[in-house]
Structures are given as C-alpha cells and as structure tokens.
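Biologist: Let's go through this model together. I'll ask, you answer.

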Amino acid sequence: MEAKKVSESKTIMTEMVMPPDTNTFGNLMGGILMKWMDVAGAICAGRHAENYVVTASVDNVSFEHPIRLGDIITLEAVVTRAFNTSIEVFIEVFIHDIVHKKNTKSNHAYFTFVALEPTSMRPTKVPEVLPITEQEENLYTGAVRRREIRLVLSGRMKPSEAIKVKEFLDLHQKK
Ligand SMILES: CC(C)(COP(=O)(O)OP(=O)(O)OC[C@H]1O[C@@H](n2cnc3c(N)ncnc32)[C@H](O)[C@@H]1OP(=O)(O)O)[C@@H](O)C(=O)NCCC(=O)NCCS
C-alpha cells in the first residue's frame, strides 16, 4: 500500500449558518458545528483510505468565537498521520465575514477515523501519510503523542505504555 500525500485528501467544506442551526442567542450551536467537522473529517479520511470510515474519537473541541447567524464558515480537514487501521485528521474552522471582509479562526480539533472493510465491517489497513511541508511534519510527529493520550483516556492503553508522551514531558521538564 503506497503512502499518500496530505494534499491528496485535503477537504474544504463551506457552510452558511441558517436559522435552524442557531441557539437562542442567534449563534451557531456547538453540536451543529461538530457535525459539520465530523462530515469534513470523514470525507478527508475516506479519501485517504479510499474506503468507508467511522469516527472512533474526537479530541477536545473548544468554541473560542461565537459564529453568528448568516456567517459563512469553512472547514479545512487534513490527514496528519495514519497508523494501522486508524487515521488522525486535523480540522480547522474559519469564519468569513463577507460584508466586512474579515476572516477569523474559530476553532480546531483532532478526529480519529477507522477504515472498515465493507463486507466484514472490521477495521482494515490504511495507507501511510507522507508529510512534506514543515506544518505537515509537525502534525505528523505530534500525532503519536496525541494517539497515546487518547488511547490512555479511553482505557485502551496503560499510562505506562505512553512512551512518546513520557519522552516529550521529560524533554520539556528539563528545559
Ligand atoms: C472504532 C471501531 C471500529 C474500533 O473497533 P475495535 O473492534 O475496537 O477495533 P480495534 O481494536 O482493531 O481498533 C481499530 C483501530 O481503532 C482505534 N481506536 C479504537 N478506539 C479508539 C479510540 N477511542 N480513540 C482512538 N482510536 C481508537 C485503535 O487504536 C485501532 O487503530 P490502529 O489499527 O490504527 O492501531 C469500533 O469501536 C466501532 O465501530 N465504533 C463505532 C464507530 C461509529 O459508529 N462511529 C460513529 C459514531 S456513532
């Protein structure tokens, strides 16, 4: 299975905030934004895997800026790293105020998707990610630590097995 570039699966999705998407203050509901992030991430992971994917986990999502009724938002999803059957996707959300010509980053999150073989519905191997730019390299390197943290938090890994997190903490405590 040949490694694939990040650009091969990069996904940009545009949405406009409509009345049914908002809360009582006229801001986009967090759950609707998470749904759009999930869709953009699944398209990106599916393109990388060239297979069906399911969401396995979502890391911390914080909502830093309210997104208003009528705002245009874009969601940019890129693969950071693929493991055996899982793929980490980094999703950034930007608000575009087309009237005042102002773009603001609203938030970001890491999603993990798992590719499933359609007949057995069991996890199946995915191609590796080939990072090229400096940002892609940084996201690729950090993915191992983030994976360890989420596997520890979900009870799938013992804290003592989170070796890359320990190495990272040791290095930064020495500084
Ligand atoms: C995700 C799912 C396929 C994993 O199945 P499983 O039987 O536990 O399979 P495995 O133990 O072989 O794990 C498969 C991969 O999932 C990853 N994974 C499982 N749970 C995870 C979690 N909570 N966070 C991150 N990765 C996870 C494993 O690390 C493994 O990755 P790797 O192969 O790259 O090392 C299964 O739990 C599932 O189908 N969940 C429901 C998915 C879904 O419906 N999502 C939509 C929301 S309703």
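Biologist: How many bridges join β4 to β5?
Modeller: This is a predicted model. In it, β4 and β5 run antiparallel. They form a hairpin, with 3 residues between the two strands. V78 stands opposite F90 in β5. The count of bridges joining β4 to β5 is 10.

Biologist: Which residue in β4 is the bridge partner of M13?
Modeller: Strand β2 covers residues 11–16 and pairs with β4. The sense is antiparallel, over 6 bridges. In β4, the bridge partner of M13 is L75.

Biologist: Which elements give two or more residues to the largest nonpolar core?
Modeller: That core holds 32 residues. Those touching the most other members are A45, V79, I87, V89 and I91. A45 touches V53, V79, I87, V89 and F113, leaving aside residues up to four places away in sequence. The elements giving two or more residues are α1 (30–49), β4 (72–82), β5 (86–97), β6 and α2.

Biologist: Which element gives the most to the shell around the ligand?
Modeller: The ligand is surrounded by 15 residues, and S57, F83, N84, T85 and S86 are the closest. At least two shell residues come from each of β3 (52–58), β6 (102–117) and α2 (134–153). With 4 residues, the top contributor is β3.

Terms used: Residues numbered from 1 in each chain as written. Predicted model: local features only at pLDDT ≥ 70, side-chain atom pairs only at ≥ 80, totals over all residues. Near = placed C-beta within 6 Å. Core = buried A, V, L, I, M, F, W, Y, C linked by C-beta atoms within 7 Å. Buried ≥ 20, exposed ≤ 12 C-beta atoms within 10 Å, placed from the backbone. Contact = placed C-beta atoms within 7 Å. Pairing = 2+ DSSP bridges.
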